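Please keep the sequence and the model in view while reading.

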Amino acid sequence: MLSLVSRRVHNSLVLLVLATLLCFTLVVSAPGNIAVLIAELRSPNASFADIQKIEEELGLNDPIPVRYAGWLTGALTGNLGISYKTGEEVGPALASRIPVTAMLVAGGGTVALLLSLVFGFAGAMWPRQWPDVAGRGVALLGASMPSFFVGALLIYAFAVELRLVPTFGLAGPSSWILPWFTIGLLPAAVLSRVVRVGLEEAMARPFALTAVAKGLNRRAILFRDALPNIAPTYINALGAQTGVMVVGAVVVEPLFAWHGVGDLFLTGIRFRDFMVVQACLLIFISFFILLNLLVDIGMIFTDPKLRRQGS
Amino acid sequence: MSTSSPILTVRDLSIDLFTARSALRPVDQVSYSVAAGETLAIVGESGSGKTVLNFAPLGLMPLGVSIHVSGSIRFDGKELVGMNDEALRKLRGGSIGVIFQDPMSALNPARTIRRQIAEVAELHLSLTSTQAEARALDLLKMVRMSDPEARLRQYPHELSGGLRQRVMIAIAIAAEPKLLIADEPTTALDVTVQAQIIALLKDLQKRLNMAMVLITHDMGVVAGIASRLAVMYAGRVMEYGPVQSVLTAPRHPYTMGLIDAIPRAEDLPGSTFRGLPGMPPVLGAPIPGCAFVERCRHAVPTCETARPLLAPTADRHVLAACPIVNRSSEALHAG
């Protein structure tokens, strides 16, 4: 089992190095001269000499491998360069925004986890009865509405009409609820179907009949026999949906005026602030690789066949 | 044969199955009884209703099938037909243990052997989890597993087919049932392992004084373990009696054909199998006469119209559902 985990960790590290290379290449090959942009930002009538001076400052004339090495060593120490737009360091700006996005995704993930287990399990417990039908309906709605629309609906209902929670901003638990539900509804919909369908499939397998022959009731069979069998599938889907939520943060953060990484990324793209875009991409990709690693390890732990491999 | 009164008595049991598309009667007016310490073997070809007969009244049917049971099943002084689900559930795994055909799929791949055995003892014997796990160890010793402590920590995929079937048996006897139903317990196993499992079942039955119903199509297994035999065809019992009498001197033409079809040591290599010509009838439509009539060499016109009932033969311990047998034994040999 340990060798299996260490192999996965090793693969992830290789992937991470390749990802940094990709990030770097994307920005290097982006059209337009960054030095011109910066020079124009500093003074509207910059001369050619000014531009050349900035190119020299940024090290744009160095050979590509040297630039990559410089950027990578910087990134490792948290120095992600200077924003072309604001002139501030990207590192600290990013560091202050990561907790916001992390809190959004973690909250949305919790919402998705709880809703999907409750709805999926209720549907499997009473198939084709009202809990199943209701769960299916909510899942269909959740999966077909884009998050900006869900967010707008939630704001209208709970903030504007009922005045239970603030419409936007980040100030205390009451302001967390709407963004969490907005970002968590789609994953909850998808995952509840994973639970519902997975449990139904498990209940049709011969070991479920063995459990009936043991005299267990339906709830016990679902919990003890069916649930452990869908755990690897569920963890896999949960990982994929967490990825979806990170992407969703780009939409949901501006909607609720949360200053997270998604919001930073969006403004970065809008102003062609490549240093910021590059740094955000690096954070996103690192997170995805880490997520995949965690999913792999989670599957190894929940699937006895995988767990015993290589041990 | 046992002298004690039967613990299981089945009378005129009929079962109708309704799926979304079809209605079938896989069990048609079946009667038999089993006493404690006795083994009844039910044989018949695939689709003859032997599994449905035993599992449907216990609520052990796949999803999406609705059943209607009529007749009577008296088990341990209680009537099972029409019993409410909750009472039936308490019997399953408690006083009635079940062994399935395929130990590869009947165990849960995601749970340890320990938990899969122990939960039965927790449920039916009201043991704590520690006590139940100690009992799981005892049970593995009882089914003669090598290295039982290590086995408890393992998962089904780490065990061979024979070992998994031993685990299945341990689960079935965990609450010391009065009746053990084994559905082709050796069919999915290697020949050498089959003999071990049959010997184990025989031994456990003696130790726990269980009644056992063994569903099989292996005549070797029948001869080795059963005391009584019911031969089923198209959902009906064709012949019923002590194993020795039925196997050595079959009365019913179907039983004769079934026993004749077993390959023999003196068969020359390459000789053709002796099978029964024709196919079993479709169970969707009612069969007015004898179900075997189309494949029977001895059939007379009344066989088409009047259903023969089980009746004592010349040997009064053996019952056969065939009028020809009882009219004269010469009629058979002349045919």
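Leaving aside neighbours within four places in sequence, B:E133 is in contact with B:R114, B:R115, B:A118 and B:L152, where contact means heavy atoms within 4.5 Å. The model is a predicted one, in which local features need pLDDT of at least 70 and side-chain atom pairs count only at pLDDT 80 or more, while totals for chains, interfaces and linings use all residues. Side-chain values use heavy atoms, with hydrogens and water left out, residues are numbered from 1 along each chain as its sequence is written, and chains are lettered from A and ligands numbered from 1 in the order in which they are written.

B:E133 sits in helix α5 of chain B, residues 129–142; helices (H or I, at least four residues) and strands (E, at least two) are DSSP runs, numbered from the N terminus. With a relative accessible area of 23%, B:E133 is partly exposed, since buried means under 20% relative accessible area, exposed over 50%, and partly exposed in between, for a 1.4 Å probe and protein chains only. From B:S14, B:E133 is 119 residues away in sequence and 40 Å away in space, C-alpha to C-alpha.

B:Q165, in helix α7 of chain B (residues 161–172), is by contrast buried, at a relative accessible area of 0%. Beyond the four places on either side in sequence, the contacts of B:Q165 are B:I99, B:F100, B:Q101, B:P103, B:P185, B:L189 and B:I197.

Which residues touch the most other members of the largest nonpolar core? In this core of 81 residues they are B:L8 and B:Y32, a nonpolar core being a set of buried Ala, Val, Leu, Ile, Met, Phe, Trp, Tyr and Cys residues joined through side-chain atoms within 4.5 Å. Residues up to four places away in sequence not counted, B:L8 touches B:Y32, B:S33, B:V34, B:I73, B:R74, B:F75, B:L179 and B:V213. Another core, of 48 residues, lies apart from it and has among its members A:I54, A:M275, A:L282 and A:F284.

In chain A, helix α1 (residues 2–28) and helix α4 (residues 64–76) pack at an angle of about 120°, with their axes 11 Å apart; axes are lines fitted to C-alpha atoms, for helices over the stretch in contact, and angles run from 0 to 180 degrees between N-to-C directions. That makes α1(A) oblique to α4(A), because angles under 35 degrees count as roughly parallel, over 145 as roughly antiparallel, 65 to 115 as roughly perpendicular and the rest as oblique. From α1(A), the residues A:V17, A:T20, A:L21, A:C23, A:F24 and A:V28 meet A:I64, A:R67, A:Y68, A:W71 and A:L72 of α4(A).

The axes of helix α9 of chain A (residues 206–213) and α10(A) come within 10 Å and cross at roughly 160°, and the two helices are therefore roughly antiparallel to each other. Their contact is made by A:F207, A:A208, A:A211 and A:V212 of α9(A) together with A:I221, A:D225 and A:N229 of α10(A).

Most residues other than glycine have a negative phi. A:A257 counts as partly exposed at 33% relative accessibility. In chain B, B:D76 also has a positive phi, near 55°, and lies in the loop between β4 (66–75) and β5 (78–79); at 28% relative accessibility, B:D76 counts as partly exposed.
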